[in-house]
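Visitor: I would like to go through a structure with you, beginning with a ligand and moving on to a chain interface. Could you put it on display?

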Amino acid sequence: MTAIGTDTIEGFGSTDETARSWLRIALAVALLAGLAAVPLVANDYWLNAVLIPFLIMSLTALGLNLLMGYAGQASLGSGGFMAVGAYATYNILLRLPELPLPVNLLLGGVISGLVGVIAGLPSLRIKGFYLVASTLAAQFVLEWLFNQYGWFSNYSTSSSISAPRLAILGHDLSSPTGRYLLTLATVAIVTVVAIRLVRSQTGRTWMAIRDMDTAASVIGIPVAAGKLKAFFVSSLVIGIAGALWAFAYLGTVDARSFNLDRSFQVMFAIIIGGMGSISGNYVGAAFMILLPILLDHVGGAVFGGAIDPGQLENLQKALFGALIVWFLIKEPRGLAALLSRAWTQLASRFER
Amino acid sequence: MSFFVETFIGGLLAGVMYSLVAIGFVLIYKASGVFNFAQGSMVLCAGLTFVTMRDRGIDFWLAGLITLTIMVAIAIAVERVVLRPLVNRPQITLFMATLGLSFVIEGIAQIAMGASVHELDLGIVDTPITVGEVQVSQFDLVAAATAGVLVIALSIFFNWTRVGIALRAIADDPLAARSIGIRLQTLWQIVWGVAGFVSLVAGLLWGARQGVQFALTLVVLKALPVLIIGGFTSITGAIVGGLIVGASDSLAEIYLGSLLGGSVSTWFSYVLAVGFLLVRPTGLFGDAPIERI
Amino acid sequence: MAEPILQLRDVSLSFKGIKALNALSFDVERGEICALIGPNGAGKSSLLNIINGVYRADSGSVSFDGERFVRIRPARAAHLGIGRTFQHNALFRHLSVLDNVLAGLIRHSRTTLIEHAFGLGRDRSETRAFGRRADEIIGFLDLARHRDRVVSTLPYGVQKRVDLARALVGRPSLLLLDEPMAGMNQDEKREMSSFVLEANRSFRTTVVLIEHDMSVVMGLSHHVVVLDYGRKVGDGTPEEVRRNPDVIAAYLGTVH
Ligand SMILES: Nc1ncnc2c1ncn2[C@@H]1O[C@H](COP(=O)(O)OP(=O)(O)O)[C@@H](O)[C@H]1O
Ligand SMILES: [Mg+2]
C-alpha cells in the first residue's frame, strides 16, 4: 500500500515554513468559524441531509486513514466499529444516564477501540490483502452480533431503536442546529488531536511500520504495539463517528446502516481523498456524500419522471462507479494532493 | 449420522461451486495481481444476459455463445480501460477500482435487463437420489460435476500449456513471460477472457439454483474465505478451500447455528479463514513473498 | 585482552535445502572494524540477519556483549545496541531525512500515546532532545542540506548515508553495515569510508562491514573474514588474508 500523499500534503519543506503554518492555522480557524456560522444561513435540509453526514463521514475517514494511510494496515471493518460505537454509546446513555454526553461519546469510542484491538490481533501475523480479508471477519461478526442479541438494543421490538435525547449541560441538542454543532465540535477536536498524533513519535512509528516493517523492527521500533495502537486509535475515532451517525444523523441505532457497504464507502473516501493525508478525509468524504446527492438531483432534473425511479437508481449507480474508477485512475494520490498543489501555488503567490 | 453425512455432502457439493468462482479470482490475481471484486457482478451479468436471451426464445447453445462473447468482451474491455492505467498502483487501489467497476456492471446490466428475479431452467432434473440412507440433491450433483470438470480442465490448461507456464513465470517476474514468447498484455487478456468464461458457467449454475437475481453478486463474499484458506495464488488452494468452506459452512449452520440461536452463515467461514491464516499467513497453498533485506 | 564483543559459534542456516551458512565461527573484538567479504550469495547478508534476529539460525549460537542466544527478536537486538544498515534500500520512503533519523530514536522513547496526543508531560522535552540528537547526526554525516527532503527523492548515495544516520543516531555499540558503498563512485566511497572511520573512532562503535571493493576493505578494516558458499575460508588481518591462498582461490582471483 503505497499511494501515500504525506510528502506533498503535510510538509512543504520550504524556508517559509513558519509563515505558511501560521497562514494555515489562521485559515483553519477562519474555516471553523465559518462552519460554526453555517446554521445562521443554511436550512434544515442542508444541515440534516448534507452537512451532518458529510462531517461524520469525514470523521470516519479520518479514523480509517490513521490505520490505513498512516500505519499501513488496511481494514474493511469500519462499519462494524461504527456499530460498536453506536451501540456502546446507546447502552451507556441508557444505563448510566447521569454521565455527561462528551464523556459518554468518549467511552463509546474507547469500547470500540478495544474491540478494534482484538480485531487487529491478526495483523501481527498477516499482511496485505490477507489482512483486509480478515478484517471482514470482524465486520460480519459484529453486524451479526448486534442483529442477533437483543440485549444490545435493550430488547426493542423494532429492528431499529430510536436514540435518546441529546443534551450537554442542560442544553438540548436535538434540533438540527444542535446536532450539527455537536458534530462539528467533535470533528474539530478529534482532528486537532489526530494532527498532533501523526506528527508525534506515535505517528512516526506508524509511518515507519507502513513504509518498511522489517527495517522498523530492526531499528528497535515496537512494531506489534504500534499496529495495535493504530487499531485502537482508529477504531476509537470510528466508534465516535458511529455514535454520531446514529444519534446526530439518523436518530436511530440500526445495525443495517453499519454494513459492509458502509465500510466500502469509508475506504473509497480515503482512497479518493488521499491516503496518509488529514485534509484528504474531508475531500474524500465530501465526494462520497455529495456526489450521490448531486447525481440524484441531476437525474431528477434531467429525466424528471420520464424513466422509472428504479432505472434511475441503476443509472446513478453505474455513473457513480465510473466516476470512482475515473478518479482512481486520474489522481493516484487522491484529491487532497490536487488541492494541495493548488494551495501551494496560492500560498506562494500570497507571500509575494 | 446419516443427517450429518447428508449435510456434509451437500456442503461439499456447494463447495465445488465456490471453488469455481474462486478460481476466477486466482487466475486474475496470478496474472495481474488484482483482487477482482467485480467477479460477482460478472457472474450476475452472465446469468442475466443468458436468461434474457432464453426468455426471448433464443436457442440454448446460441444464447450460451452470445453470452460468452459478451463476457469475454467485457473482460477484455476491463483489462484495457481500467487495469492498464492502474498498473503499478497499490493493490488496495486496484481492488477498490474493481469495486467501482462492479457498480458499473451491475448498474448497466440491470438497466438493460431489469432487476427482477428470473427463473433459469437448464433442464437438470432435481429429484433427490438416495444412496443407502443418504439423500443427495441431483441438481447439486450435476452442478458440482460440471464445476468439477471445468476446474480440472482449467488446472490442466494452466499447468500444461504455454499460457499456463507464462502465467506461473510472471507471478515471479513480469518480464519472464516475454521469454516464453507471450506478450504480457495478451496473457492478461487471455486470463480475463477465461475468467469471463468461468463467470458464465458460475452464473448459469448459481442462477439455476437460486434464480438469476441481484443476490448472485454476493457469491464473491463466499469465494473470499475460500481464497484466504487456499491462498490467493493457487488453483489447488481454491479447490481445497472451496470444499473446506462448503462443508464446514453447512455443518456450522446446523450445529453451531442452533447453539447460538441464529444463522451463522454470514461470518462463520470468515472466522474459520482467519483461524487458518493465523497458522498459515498466506493460506494453505499460497506462496509467501520472499522479502530480502 | 578483553572479551570479544561478538562471538559466533558453529552458526548454520539453510533455505529449502540450500546451505547458506555452514558451521561458521569467528570473533569480533570490541572497537574494531571487521570486514566481511566473499562473492555474491556467500551468505554475508544472511549472517547479519542472524546477528540481529531477522533470520533464525538452524544451529549454533551468537554471543553479544556476553549474552548468548540462538534466537533473538530484532527489536531486542536493537535494544542491546546492535545497529544495522541494509543492502537493499530499506528507508522509510515517504518520510523526510529528519523523520527517518528520528525513527532511529524511537526505541529510546519514554513517552506514551496519551502524551503524544495531547502534548503533555515529557513529550515536549523528549521531542526537543531527540531533535537535537538527530540534527547532530545529520550534521555529522553532512546531510543538513537534505534534512527536510523526502528520502525517496534523494540520490542513491545520499540514501545510503541516511541509512547510516538512522542506525548511528541510537548510538549502537555494534554496527552492521551491509554493502554501504555499493554502487558508489570513488569519491563517494572515500567519503563514506571516512564517515565509517569517524563513527568507529569518535563513538567507539564496533563495525562489521560487508564490502566488495578490496581497496576500501584493505584501507578501512582491522580484521577481515572471508566467506565462500557459507563457509569461512579466511580470517585475519588484511595482510594475512591477502596472502592466504584459499582466499585468493575463492575470492580475490575472481572478478567482481
Ligand atoms: N530470504 C531468503 N529466502 C531464500 N533464500 C535466501 C534468502 N536469503 C538468502 N537466501 C539465499 O542464501 C544464500 C546467501 O544469500 P546472501 O546472504 O544474501 O548472500 P550475500 O549477501 O553474501 O550475497 C543465497 O543462495 C541466497 O539465495
Ligand atoms: Mg548480500
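Guide: In this predicted model, an oxygen atom of ligand 1 lies 2.5 Å from an N or O atom in the side chain of Ser46(C). The protein covers 78% of the 560 Å² of accessible area that ligand 1 has on its own.

Visitor: Which polar backbone atom is 3.0 Å from an oxygen atom of ligand 1?

Guide: That backbone atom belongs to Gly43(C).

Visitor: How many residues surround ligand 1, and which are the closest?

Guide: There are 13 residues around ligand 1, and the closest are Gly41(C), Lys44(C), Ser45(C), Ser46(C) and Tyr55(C). By class, the shell consists of 6 nonpolar, 5 polar and 2 charged residues.

Visitor: Where does the largest share of that shell come from?

Guide: Helix 1 of chain C, residues 44-51, provides the largest share, with 3 residues.

Visitor: Why is the site described as shared between chains?

Guide: The site is shared because the residues that surround ligand 1 come from chains B and C.

Visitor: Let us change topic to chains A and B. How many residues are in contact there?

Guide: On the chain A side 44 residues are in contact with 48 residues of chain B. The two chains bury about 3900 Å² between them, with 76% of that area on carbon and sulfur atoms.

Visitor: Which residues of chain A lose the most area to chain B?

Guide: These are Phe129(A), Tyr130(A) and Trp144(A), which together account for 20% of what the chain A side buries.

Visitor: And how many salt bridges does the rule find across this interface?

Guide: The rule finds 1 salt bridge across the interface of chain A and chain B. Lys317(A) pairs with Glu106(B) in a salt bridge, and their closest N and O atoms are 2.7 Å apart.

Visitor: What elements of chain A give two or more residues to the side that touches chain B?

Guide: They are helix 6 (128-148), helix 9 (213-218), helix 11 (260-273) and helix 13 (309-330) of chain A. The largest share, 12 residues, comes from helix 13. As for residue classes, the side of chain A that touches chain B divides into 33 nonpolar, 7 polar and 4 charged residues.

Technical notes. Residues are numbered from 1 along each chain as its sequence is written. Chains are lettered from A and ligands numbered from 1 in the order in which they are written. This is a predicted model: local features need pLDDT of at least 70, side-chain atom pairs count only at pLDDT 80 or more; totals for chains, interfaces and linings use all residues. Side-chain values use heavy atoms; hydrogens and water are left out. A residue is near a molecule or strand if one of its heavy atoms lies within 4 Å of it. A polar contact is a pair of N or O atoms within 3.5 Å; within protein, one must be able to donate a hydrogen and the other to accept it, and residues adjacent in sequence count only if both atoms are side-chain atoms. Accessible areas come from the Shrake-Rupley method with a 1.4 Å probe; for residues, only the protein chains shown count as cover. Helices (H or I, at least four residues) and strands (E, at least two) are DSSP runs, numbered from the N terminus. Ala, Val, Leu, Ile, Met, Phe, Trp, Tyr, Cys and Pro count as nonpolar, Asp, Glu, Lys and Arg as charged, and the others, Gly among them, as polar. Contact means heavy atoms within 4.5 Å. Buried area is the accessible area (1.4 Å probe) that two parts lose on being put together, summed over both. A salt bridge is a side-chain nitrogen of Lys or Arg within 4 Å of a carboxyl oxygen of Asp or Glu.
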